[in-house]
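Here are my notes for you, as a set of numbered points. Please read them with the structure open beside you.

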Amino acid sequence: MNTTVTVALAIGAGVVLLAAIALRLADKLGLPSLLLYLAIGVLLGESGLGVEFEDYWLAQTLGVAALLVILAEGGLTTRWADVRRALGPGLSLATVGVMVSIGVTGAVTVWLLGWTWGFALLVAAVISSTDAAAVFATLRRLPLPRRLAASLETESGLNDAPVILLVVVLSDVLTGEASGPYWLVPVVVVAELVGGAALGLAVGFGGAELLRRVALPLSGFYPLATLALCVLAFAGADLLHASGFVAVYLCGLVLGNATLPHRSASIGFAEGMASLAQIGLFVMLGLLVSPSRLPDAVGPALVVGGALLLLARPLSVLASLVWFRFPARQQAFIAWAGLRGAVPIVVATFPLTARVPGATTVFDTVFVLVLVFTLVQGWSLPWVARRLGIAAPLAPREIQVEAAPLEELDAELMQMTVPAGSRLHGVYLPELRLPEDAAVVLIVRDGRSFVPDETTRLMRGDQALLVSARRSRPEAERRLRAVSRAGRLAMWRGETGRPDDED
């Protein structure tokens, strides 16, 4: 075998293992893992071990591929019940919010840095997209109101598409390759977003029906097929000149909420692939940067970042959510939680490949800005949530239920963990009032498993297995969530277990 390939495989495996260790270290130190992954890339690069990587075309291609997997995983792991209530706010943040953010940030940088309007708007567009990987990884560890968290997740899943389209258009303007009247730009952007959404939904629903009807020879094919459908949605949309990023996110959202064979395994596989894509993406971007150029970018990055964080983002949130009755405290948190990560750095490669004058300055400025944003925002989100009174560390968390189909019985096996703070603690099994065709069949407590009876009470930390007829699974889940929130008298307290009951 070629020695170069063998060495590359060894380095790749070593980087993944090192990244896994770095993740553990990041959790202990309270640092975002993004910083450590980027540091690994920088240490491997020209200023460290001497690995030279300056192929911006390849970096852009690999970056888009990684974002595709990350967005697919985000869609697959998002509950439609949450998105339904947050679709309006999330879509508004991803469109109106992006435009306001670009305009305000561009205006401030023209005034303070003396940049031309075209160049200032290009930089503002590159940094206006929030990062899906950072948002999904950070917010899902915080006990936030569902509507708030889902709005931020929906925004991060949908705002990449308009941002990339705007960056491409602005790059063409600055290189003199733009053609056609300017009023066509918003028409093209809207058309591509609508086309991508339509194709993503079509592939999602069609793929879900296909997976339910076709019996694959190996269970391991289902996770591959699920992810392949998301990739197909992206590729199909891109070939039709529609938005592939919107298509892949919505396709994943449909598949993740459909009743599919081996659904939990498929989602677990997507989570693993997204983590691998995130590690590879950050390490590659660390390799791509030239540390010797970064000191010159610190000043502009602080000006642009300050304009975005302190002025543009709050104004964009206010303009986007004015019609959706979000409390002022939640709007303040959304303004602070506009996390930037790998996405702006990947988008910054588009001006480089288009040979825009000053594109290197754009890339270096965005790289420094992302580092600063990650340090300032990443660790502070739990503290900000507590200070604003929208999250408490001891608040009961939503129970998590996983399901696997029992095809021949038309039933499903569910796994439930009783979290700390849940009012399921101390509840007798009959008090759950589950549907008559659903039952708790096994409990694992303190490492010991036993078959429960009518005198068994649930305790915090218990892992329970439930069997339910497929038609009754949603009702069983709602009842479990209701009791988890309000206790055995949930029904009398008006708690139904539906997402609509939450903020």
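**Notes on a predicted model**

1. Let me start with a pair that sits inside the protein: E155 and R313 are both buried. Their side chains form a salt bridge, with the closest N and O atoms 2.8 Å apart. E155 belongs to helix α7 (residues 146-158) and R313 to helix α13 (residues 294-321), so this bridge ties together parts that are 158 residues apart in sequence. Please keep in mind that the model is predicted. A search of the whole structure gives 8 salt bridges.

2. A salt bridge between loops comes next. R471 and D437 meet through their side chains, at 3.3 Å from N to O. R471 is in the loop between β5 (463-469) and α19 (473-486), while D437 is in the loop between β2 (411-417) and β3 (438-445), so the pair joins parts 34 residues apart in sequence. How accessible are the two partners, R471 and D437? R471 has a relative accessible area of 69% and is therefore exposed, since exposed means over 50%. D437, at 25%, counts as partly exposed.

3. R445 and D462 form a salt bridge, at 2.7 Å from N to O. D462 is buried, with a relative accessible area of 1%, whereas R445 is partly exposed at 21%.

4. E209, R212 and R213 are linked in a network of salt bridges.

5. Now for the nonpolar surface. Which residues form a nonpolar patch there? They are V298, L302, V372, L375 and V376, and together they have about 360 Å² of accessible area. The elements giving two or more residues to the patch are α13 and α17 (359-378). Helix α17 contributes the most, with 3 residues. L375, which is located in α17, is partly exposed, with a relative accessible area of 43%.

6. The interior deserves a look as well. In soluble globular proteins, nonpolar side chains tend to be buried together. In this model the largest nonpolar core has 104 residues, and those with the most contacts inside it are V126, V167, F245, L255, L281, L285 and V366. Helix α12 (residues 263-288) supplies the largest share of this core, 11 residues. Apart from neighbours within four places in sequence, L281 is in contact with G63, A66, L67, I70, A342 and V346. There is also a second, separate core of 20 residues, which includes V135, L139, V384 and I390.

7. T78 is in the loop between α3 (56-76) and α4 (80-113), and at 5% relative accessibility T78 is buried. What lies 2.5 Å from a polar atom of the T78 side chain? The backbone oxygen of G74 does.

Definitions and conventions:
Residues numbered from 1 in each chain as written. Predicted model: local features only at pLDDT ≥ 70, side-chain atom pairs only at ≥ 80, totals over all residues. Heavy atoms only, no water. Salt bridge = Lys/Arg side-chain N within 4 Å of Asp/Glu carboxyl O. Helix = DSSP H or I, 4+ residues; strand = E, 2+ residues; numbered from the N terminus. Buried < 20%, exposed > 50% of the residue type's maximum accessible area, 1.4 Å probe, protein only. Patch = residues over 30% accessible without salt bridge, like charges linked within 9 Å, V, L, I, M, F, W, Y side chains within 5 Å. Areas by Shrake-Rupley, 256 points an atom, 1.4 Å probe, with all protein chains shown as cover. Polar contact = N/O pair within 3.5 Å; in protein donor to acceptor, adjacent residues only side chain to side chain. Core = buried A, V, L, I, M, F, W, Y, C linked by side-chain atoms within 4.5 Å. Contact = heavy atoms within 4.5 Å.
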